[in-house]
Amino acid sequence: MSTVLAEPVASERPKAEEARLSRKDIIKAVFGELLLAETRIISESDVELFAKLFGDYNRIHFSDDYARSVRRMKLKARIVHGMHPLGLISGIIGMQFPEGSQVYRGKEEWLRPIYVNQPFRILVAMKEPGLCRNTVQVSVWPVSADGVDSVAINAEFIILLPKS
């Protein structure tokens, strides 16, 4: 049995004929234009698989009691590995940008935790359009039960598009 990491909500999966953005769509995009949006959830089994793959078994990802005891962070429960959402972003860019697109450079800033089993939105918007290099702004927004949404991860990537 294979495990799918943080599968998109069924209604948001791209249809086969619209699975990728075209190079033309990206080149025509203007500053601030939303290119992609997906809702994801990272489950307990996703966290376990991530730990198994990368060797990070820090208790903050596996024990609610331990996570709450880390006073400086004021956590409500265990959190997902910080690199896990970035891997999902890589997958979104790799599978929904034109085939052959590459992340050339990136910078990330973690502002809030994402909790295990907490839905979150990945928003990809154009920041600096260009013919070959495009800088995209990626924000990860946890969907909170109390209605207070703020950015958890703010990232910026320069994407190299294929020539044709």
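Predicted model: local features only at pLDDT ≥ 70, side-chain atom pairs only at ≥ 80, totals over all residues.
Is His-81 buried or exposed?

Residues are numbered from 1 along each chain as its sequence is written, and side-chain values use heavy atoms, with hydrogens and water left out.

First, the overall picture. The protein chain has four helices and five strands, taking helices (H or I, at least four residues) and strands (E, at least two) as DSSP runs numbered from the N terminus. Along the sequence they follow the pattern α-β-α-α-α-β-β-β-β. Of the 164 residues, 40% count as buried; buried means under 20% relative accessible area, exposed over 50%, and partly exposed in between, with a 1.4 Å probe and protein chains only.

Now back to our opening residue. His-81 is buried, with a relative accessible area of 2%. Its place is the loop between helix 3 (64-69) and helix 4 (83-96). Leaving aside neighbours within four places in sequence, His-81 is in contact (heavy atoms within 4.5 Å) with Val-47, Phe-50, Ala-51, Asp-56 and His-61.

Next, please turn to Asn-154, found in strand 5 (residues 153-160). Asn-154 is partly exposed, at 27% relative accessible area. Not counting residues up to four places away in sequence, the residues Asn-154 touches include Lys-107, Glu-108, Leu-111 and Gln-137. From Asn-154 to Trp-141 is 13 residues in sequence and 9.0 Å in space, C-alpha to C-alpha.
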